[in-house]
Amino acid sequence: MMIGGMAATDIAERFGTPVYVTDEQALRDNFRRIHQAFNRHMETRVHYACKANSNMAILKVLEQEGACIDAVSLGEVLTCLKVGYSPDRILYTGVNVSNEEFEGLVEAKVPINIDSFSGLRRLAAISTDVPISFRVTPGVGSGHHQKVITGAKGSKFGIPIEEIMDAFREAVDLGFKPRGLHAHIGSGGQSVDPFTDLVGILLGVVNDLKDELGLELEFLDMGGGIGIPYRPNEPVMDVDELAANLTEMIMEESDIKTLAVEPGRYVVCDSTVLLTRCVDIKRTEEKNFIGVDAGFNTLIRPSFYDSYHHVAIANKFNKACEARYDVVGPICESGDYLARDRVLPEPEEGDLVAVYDAGAYGFVMSSQYNSRPRCREVLVNDGEAELIRDSEDLEDIWRHQVMPQRLM
Ligand code: LLP
C-alpha cells in the first residue's frame, strides 16, 4: 500500500502507530476539484469547514490553495489567523455563542454568521461594526446519521425560516448591515436533491429581502455536507452536476453575485488513512477479532455514528480474503470497534491495518479516554513524510490535573 509515493509499512515503522497519514496532493486535488466545479459557473468562495480537520499544516496547504474558512469557535478562528488566513477569508458560524466569544470575534475582526435573536441582540450590545449574515433553519435536512442532520425543522441551529425576515429587519434597526444568508442542511448526504431544495428556499428569502426590505445581499452560503463514498462501489455524488444546477438556479432567480460553500469532509476525508497495528488476534466460536492499537479514542466515527470505514491489511494487499473479522481497539467498552464483519486475509500479530477515509472528523474527535495519549499525524508529499503533530505522552494527560494538598 502506497501513500503519496511512500510505502504505508515504512511510514508506520518510522512514526509508530496509530498514526493518521495525509496525502498532501490528494488534499490539494480535492480542493481544486470543488473550487473549479463551482467557479467555472459563478464566483464561489470555498470555505473549508475546518472542524473536519484543523491540523495547522493541513490548514496551511489549503490556505495556499486559496481556501476560505468556515469556523465554529474562537479557537478555530485564532488557529486560522495564526496559520495566515486574513479575517475576511473566515466566516464564523457558531451556535449558542457566549458574550466572551462574541468579544473575541469582534476583536479578531471576522465576519459573524448569526444563529439566533439572542445572539443578534447580545452582539449588538458589543458592536454593530461587524459584518454579519444570518443562518436560517431551512426546514430541509440531510445527512449520513440523525446526529448530523442540522437543517430540519426543530433543529437547534439557525433562525426558523418563518422568522428570518424579522431577524434581518431587527438587524438593520440595530445598525448592522447584513451581507449574507446561510444554511447548512447536514453532513454526509449523498444526493443532490436536498441541496437544490435548499437553494430554492434560500432564493425565496433573498428575493423577499429585496422586495420587502430593499436589502440586496452580497452572498448566499449553502453550507457544507457533500458526502463521499466510504464503501467500495458506493456511488460518488457528482459535484460538477451539483455545482451546475445550483449556480444556474442562483444566476437565473436572483441578483446574488457570490456563492459560498462550506465543504469539510469532501476536502479532507479521502486524503487520509489511519494506520494501526494488529497487536492481538482472538478466534472464538462466534467471531474472529483483529485487535489493533487504535480504538474509539483514536477514531470515534464507527462507535458514535455506526459509520462504515473501509479497512485493509496494508502488508497483505494481494493476499486472498478468507474469513470474517471484527477490527477492535483497546478501549474497555464493547462499542469499541473500527470495523465489523469484514472479509480480510489471514491476519497475524504485527500486521498493519489501514482504515480509509479518516481525514474528516478523525483526529479532531479523538480523545484521551482510558488515559491513552493522542496519536501522531503525518503529511506525505512526493515520497517524503513529515510529522505534522507529535503524539502526546502521559505528561500531557497529567498536566492540567491538580492534586489538592490535603489529599497528599
Ligand atoms: N458548515 C456547517 C455550518 C457545519 O455545521 C458543517 C459540519 C459543515 C459546514 C461541514 O460539513 P461537511 O462538508 O464536512 O459534511 N462529526 C460528524 C460530522 C459533523 C459535521 C458538523 N458540521 C461526522 O463524523 O460525520
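Visitor: Which residues come nearest to the ligand?

Guide: In this predicted model, His-144, Ser-187, Glu-262, Arg-301 and Tyr-361 come nearest, out of 21 residues around the ligand.

Visitor: What is the distance from the side chain of His-144 to an oxygen atom of the ligand?

Guide: An N or O atom of the His-144 side chain lies 2.6 Å from a ligand oxygen atom. For Tyr-361, the distance from a side-chain N or O atom to an oxygen atom of the ligand is 2.6 Å.

Visitor: And which side chain has an N or O atom 2.7 Å from a nitrogen atom of the ligand?

Guide: That side chain belongs to Tyr-305.

Visitor: How much of the ligand does the protein bury?

Guide: The protein buries 92% of the 590 Å² that the ligand exposes when taken alone.

Visitor: How do the residues of the shell divide into nonpolar, polar and charged?

Guide: The shell around the ligand has seven nonpolar, eight polar and six charged residues.

Visitor: Where does the ligand lie relative to domain 1 and domain 2, and why?

Guide: The ligand lies between domain 1 and domain 2, because both give residues to the shell around it.

Conventions:
Residues numbered from 1 in each chain as written. Predicted model: local features only at pLDDT ≥ 70, side-chain atom pairs only at ≥ 80, totals over all residues. Heavy atoms only, no water. Near = heavy atom within 4 Å. Polar contact = N/O pair within 3.5 Å; in protein donor to acceptor, adjacent residues only side chain to side chain. Areas by Shrake-Rupley, 256 points an atom, 1.4 Å probe, with all protein chains shown as cover. Nonpolar A, V, L, I, M, F, W, Y, C, P; charged D, E, K, R; others polar. Domains from an automatic or database assignment.
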